[in-house]
Amino acid sequence: QQQQQGGGEEPPEFLVRKYNFYLFAPPPPTTGYNNSNSNDANATREVVLNPSTIQFLNKHNMDWNKWTREGVPFVTVDRAAEILDSFKTRHDRLEEEEAASRLAKAGSGSSSSNAAVDGAGAGGGEGGPNKGPRRDRVRLTRADDVAFVARTMAGLREW
């Protein structure tokens, strides 16, 4: 805050910008030929507006076309949790299948039956990451270890 010549403080100044975000519930994803018999709560969404709400929005120049065409899609908190759980389940299953496949390939394609992954500190040393001497690869002997490393590396890639 700056001091005025009279010794008092100037009131703070703010720069204000307004943003409008139009939210509009997206249609449900289609899962097949006929989705009309779905028991999913998101299969049919109704938009209900009071007449006074419509009057207010029209008075303030609501762009109904923009709202319905360009509105930001959203899901409820419960639906978001379902989607996230489904993703995590699929992701974990695929990572385990991939780890098992790598383990099977390592066991049948080499003289050693151990799977290998790059060591976490492979690039450490002078000069920063990936500039120092390369260390030997870590050999994993248990399928659980291979799956764990695969999940950990997938998490790091996502991050």
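Reader: Where is Trp-64 found?

Author: In this predicted model, in which local features need pLDDT of at least 70, side-chain atom pairs count only at pLDDT 80 or more, and totals for chains, interfaces and linings use all residues, Trp-64 is found in helix α2, residues 64-70. Helices here are DSSP runs (H or I, at least four residues) and strands are E runs of at least two, numbered from the N terminus. Residues are numbered from 1 along each chain as its sequence is written, and side-chain values use heavy atoms, with hydrogens and water left out.

Reader: What does Trp-64 touch?

Author: Leaving aside residues up to four places away in sequence, Trp-64 touches Leu-49, Ile-54, Leu-57 and Asn-58, a contact being heavy atoms within 4.5 Å.

Reader: How many aromatic pairs does the structure hold?

Author: There are two, where rings of Phe, Tyr and Trp (its six-membered ring) pair if their centres lie within 6.5 Å, planes under 30 degrees apart counting as stacked, over 60 as edge-to-face and the rest as tilted. The rings of Phe-24 and Trp-67 have centres 4.9 Å apart and planes at 85°, so this pair is edge-to-face; Phe-24 lies in the segment before α1 and Trp-67 in helix α2, 43 residues apart. The rings of Trp-64 and Trp-67, with centres 5.5 Å apart and planes at 75°, are also edge-to-face.

Reader: And is Trp-67 buried or exposed?

Author: Trp-67 counts as buried because its relative accessibility is 15%, with buried meaning under 20% relative accessible area, exposed over 50% and partly exposed in between (1.4 Å probe, protein chains only).
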